[in-house]
Amino acid sequence: MSELHPRPARQRSWLEVRRRQLRNAPPPVFRAVFSSVAVAAVLGALFLAYDLAVGNGARLPGGDLRTLAGVAFVVAVTGLGTWITYLVVPQPGRPGVRSGWSAALGLFAAVPIAYLALVVLFQVIKPLLVR
């Protein structure tokens with residue numbers, strides 16, 4: 001009886017590895033990122049509309065509060081992204097149990113997404129709308 005010798009795995013390129021990781025993302029990570037992106041998209045549209053209105057000379061109560069709105073945007077995306085992730089992602093190995101692990105996963109996904117959303121909104125989308 002001969003032993004089976006498996007073929008060695010072929011080396012994948014960096015791009016192949018990343019593409020495979022993206023296609024096979026773990027459900028908790030996907031849910032955490034998706035919930036934060038959804039919150040950032042909705043609040044980002046509102047923030048961009050406010051910024052464009054103030055930039056076009058609209059007289060709004062309180063004057064120009066864009067800096068405060070930016071801080072509120074980051075805090076709201078981080079808070080809501082963390083909270084939604086807490087609600088939709090159970091702790092691994094304990095189905096149905098929400099814990100600090102779920103909230104931490106949401107926080108670690110929401111913070112960078114909030115800042116990436118600001119970059120996309122004001123460095124990519126706003127220049128296209130202002131032309």
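**Close-up views of a predicted model**

**View 1. Arg 66 and its salt-bridge partners.** Arg 66 pairs with Asp 51 in a salt bridge (a side-chain nitrogen of Lys or Arg within 4 Å of a carboxyl oxygen of Asp or Glu), and the closest N and O atoms of this pair are 3.3 Å apart. The two residues connect distant parts of the chain, 15 residues apart, with Arg 66 in helix α3 (residues 66-88) and Asp 51 in helix α2; helices here are DSSP runs of H or I with at least four residues, numbered from the N terminus. Asp 51 is buried at 6% relative accessibility, whereas Arg 66 is partly exposed at 26% (buried is under 20% relative accessible area, exposed over 50%, partly exposed in between, with a 1.4 Å probe and protein chains only). Arg 66 also forms a salt bridge with Asp 64, where the closest N and O atoms are 3.0 Å apart, and a network of salt bridges links Asp 51, Asp 64, Arg 66 and Lys 126.

**View 2. The salt bridge of Arg 10 and Glu 16.** In this pair the closest N and O atoms are 2.9 Å apart. Arg 10 is exposed, with a relative accessible area of 54%, while Glu 16 is partly exposed at 26%.

**Notes on the model.** The model is predicted, so local features need pLDDT of at least 70 and side-chain atom pairs count only at pLDDT 80 or more, while totals for chains, interfaces and linings use all residues. Residues are numbered from 1 along each chain as its sequence is written, and side-chain values use heavy atoms, with hydrogens and water left out.
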